[in-house]
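Please look first at the sequence and the 3D structure shown here. The explanation below leads from the whole chain to its parts.

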Amino acid sequence: MNVENGGGTGRGAGTGRANGALPVALLRRISANRPAPAAGECCEMCGEPIPDAHQHVVDLESHAMMCTCRPCYLLFTDATAHMRYRSVPDRYLSFPDFDLGPGQWDELEIPVGLAFFFRSSRLGRTVAFYPGPAGATESELPLAAWDGVLARNPALGLAAPDTEALLIRGPGPGRAAADCHLVPVDACYELVGRLRRLWRGFDGGQEARDELTAFFDRIGRRSVPAPANPAGEASASAASGGAASSSRASGSRAPGTGGFR
């Protein structure tokens, strides 16, 4: 058997080696000429590379956030269009006169001192989420209790469905009054993700509390005061929507966790 010629193939001397080397050289050339894969994130709609700081689109059916490039983002900015997706705006408002009456936070049945609220057009009601070691957990939201908050603060009706959230921090140590900001809903999920990574122990721990304080400092600098009596005041009562929600999403409700008080 002619080992050099590839085990007696009948080819001329050296041809087996040459033919065996050709595919390897070809593969090397193809590999060298292949475009390098895009670094970082890509648009979840068209696949184009996007920078770390990018915008998001909400899937109205699942409430999932999709990272998008600017052209794809602009396709879904019309809030009146009947589409499955909606672009998340970049609006930050503060409510200097936000008024949470005695016992109203407890009536909302939020087990920690922080939650965000937004109206789901798919469900036809307002939903509430709070942070925890498992991420964002949906809380039961008593309709009457939420209507009471809206009645005292009609300006909260400014929030756009699905894409804007009311981020409320309840009263706690060193903070006699609650505060509220209207923020893009993706900012709330970003905050919850940061707190999840830092969460320690029963109540979140000092690192999580420091992160929360820094976050509110940042959005406080970005926010502009909301008008006290917006034209859309009548929409506030509609923002509560149908029946109360049940505890679900990314974890079951954990009564008494008591974080961020």
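The model is predicted. Its protein chain contains seven helices and eleven strands. The chain has 261 residues, of which 41% count as buried. Among the contacts with a separation of 6 or more, 65% are made by residues 24 or more positions apart.

Six of the seven residues of E5 are buried, so that the strand is mostly covered. E5 pairs with two other strands, E8 and E6. With E8, which spans residues 164–169, E5 runs antiparallel and is joined by four bridges; Leu114, for instance, has Arg169 as its bridge partner in E8. With E6, residues 125–130, the pairing is again antiparallel and extends over five bridges, and here Arg119 has Thr126 as its bridge partner. E5 and E6 form a hairpin with four residues between the strands, where Gly124 takes a positive phi near 75 degrees.

Ser120 also belongs to E5. Why does Ser120 count as buried? Its relative accessibility is 0%, and the cut-off for a buried residue is under 20%. Leaving aside residues up to four places away in sequence, Ser120 touches His63, Arg125 and Asp162.

His63 is found in the loop between E1 and strand E2 (65–68), and Asp162 is placed in the loop between H4 and E8. Most residues other than glycine have a negative phi. His63, however, has a positive phi near 65 degrees, and Asp162 has a positive phi of about 70 degrees.

In soluble globular proteins, nonpolar side chains tend to be buried together. The largest nonpolar core of this model has 25 residues, and those that touch the most other members are Phe95, Phe98, Leu108, Ile110, Phe117, Trp146 and Leu156. The elements that give two or more residues to this core are E5, E6, helix H4 (143–152), E8 and strand E9 (179–184). H4 supplies the largest share, four residues. Apart from this core lies another one of 24 residues, which includes Val58, Val185, Cys188 and Leu195.

Which residues lie closest to the centre of the largest pocket? The space in this pocket is about 520 Å³. Of the 18 residues that line the pocket, the closest to its centre are His56, Tyr92, Asp186, Ala187 and Glu190. Strand E1 (55–59), helix H5 (185–198) and helix H6 (205–222) are the elements that give two or more residues to the lining. By class, the lining has nine nonpolar, six charged and three polar residues.

In review, E5 is a mostly covered strand that pairs in the antiparallel sense with E8 and with E6.

Key. Residues are numbered from 1 along each chain as its sequence is written. This is a predicted model: local features need pLDDT of at least 70, side-chain atom pairs count only at pLDDT 80 or more; totals for chains, interfaces and linings use all residues. Side-chain values use heavy atoms; hydrogens and water are left out. Buried means under 20% relative accessible area, exposed over 50%, partly exposed in between (1.4 Å probe, protein chains only). Two strands pair if DSSP finds at least two bridges between them. On a 1 Å grid over the protein atoms alone, a cavity is a set of points where a 1.4 Å probe fits but cannot get out, and a pocket is an open set with protein on both sides within 12 Å along at least five of seven lines; lining residues have an atom within 4 Å of a point. Grid points are joined across faces, edges and corners, and a volume is the space filled by probe spheres set on the points. Ala, Val, Leu, Ile, Met, Phe, Trp, Tyr, Cys and Pro count as nonpolar, Asp, Glu, Lys and Arg as charged, and the others, Gly among them, as polar. A nonpolar core is a set of buried Ala, Val, Leu, Ile, Met, Phe, Trp, Tyr and Cys residues joined through side-chain atoms within 4.5 Å. Contact means heavy atoms within 4.5 Å.
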